Structures are given as C-alpha cells and as structure tokens.
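Please read the sequence and the model shown here together with the short report that comes after them.

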Amino acid sequence: QVQLVESGGGLVQAGGSQRLSCEASGRTFIIYGMGWFRQAPGKEREFVAAIRWSSGSTYYADSVKGRFTISRDNAKNTIYLQMNNLKPEDTAVYYCAAKRGSWSGPYNYWGQGTQVTVSS
C-alpha cells in the first residue's frame with residue numbers, strides 16, 4: 001500500500017501564489033505516476049496536473065496551464081504543485097493521487113485533501 005499526505009493549503013488572495021506538497025510513504029517503489037485533482041463545492045472532482053514518476057513528463061488541465069507547475073523530488077517521494085496567479089475559481093479541496101502499474105491505469109491511492117481558498 002501507499003499512503004499520501006498533502007500539505008500547504010490555506011487562504012490566499014487572488015493573484016497570489018501557493019505551493020502544495022504531497023509525500024508518499026509505504027510501497028513507493030510501485031508508483032508509476034502521481035497527480036493532483038481538485039473538487040470545488042457542488043462540483044465533481046477534476047484533474048489538475050500529473051507527472052510520470054520515472055521520466056518526469058508532466059500534464060496539465062487547460063484551466064491551469066501556464067499558472068500551475070507540478071514537480072517531483074524522487075529522493076523525498078514527494079510531489080509539489082506550485083500555483084501562481086491564483087483565481088477565486090481555483091478554490092477547492094486539492095487531492096494528491098498515485099497510480100501503480102501503468103500510466104493508462106486508474107489512480108489507486110488518494111490523500112485526504114487540503115483546502116485552498118482564493119479570496120477576491
């Protein structure tokens with residue numbers, strides 16, 4: 001099993017920046033990729049960004065391209081989400097997720113989520 005713990009959420013003003021972290025523990029050698037998702041009140045969970053564990057290739061939702069950056073530190077089993085130029089519509093609970101086996105497979109492990117609130 002893999003355990004994921006997010007940190008770094010909080011309240012930020014529109015136009016500001018915030019960095020989220022997600023540390024993986026347990027059987028981290030089985031991780032193929034990790035990603036960030038978010039869920040705003042009354043909305044479905046949506047994809048934000050993802051990164052392949054070995055190559056570092058990254059993928060982004062159109063809504064965050066150019067503003068958010070996902071990165072990893074393999075030695076620390078940690079991924080980050082640097083969020084710049086934040087907008088009120090970025091307000092959501094942000095979840096870290098990890099997948100095993102293959103890139104095309106589902107995300108198998110999820111963190112508990114961290115709240116990000118962007119005030120206008």
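The text below covers disulfide bonding and then backbone torsions.

This is a predicted model, in which local features need pLDDT of at least 70 and side-chain atom pairs count only at pLDDT 80 or more, while totals for chains, interfaces and linings use all residues. Residues are numbered from 1 along each chain as its sequence is written, and side-chain values use heavy atoms, with hydrogens and water left out.

A search of the whole structure finds one disulfide (a pair of cysteine sulfur atoms within 2.5 Å), and the partners are cysteine 22 and cysteine 96, with sulfur atoms 2.0 Å apart. The torsion about their S-S bond is about -75 degrees, so the disulfide is left-handed. Because cysteine 22 lies in strand 3 (residues 18-26) and cysteine 96 in strand 9 (residues 92-100), the pair ties together parts that are 74 residues apart in sequence; strands (E, at least two residues) are DSSP runs, numbered from the N terminus.

Cysteine 22 is buried, at a relative accessible area of 0%, and cysteine 96 is likewise buried at 0%, where buried means under 20% relative accessible area, exposed over 50%, and partly exposed in between (1.4 Å probe, protein chains only).

Most residues other than glycine have a negative phi. The table lists two asparagines with a positive phi.

| Residue | Phi | Loop |
|---|---|---|
| Asparagine 77 | about 50 degrees | between strand 7 (68-73) and strand 8 (78-83) |
| Asparagine 85 | about 50 degrees | between strand 8 and strand 9 |

Asparagine 85, at 42% relative accessibility, counts as partly exposed.

Methods. Helix = DSSP H or I, 4+ residues; strand = E, 2+ residues; numbered from the N terminus.
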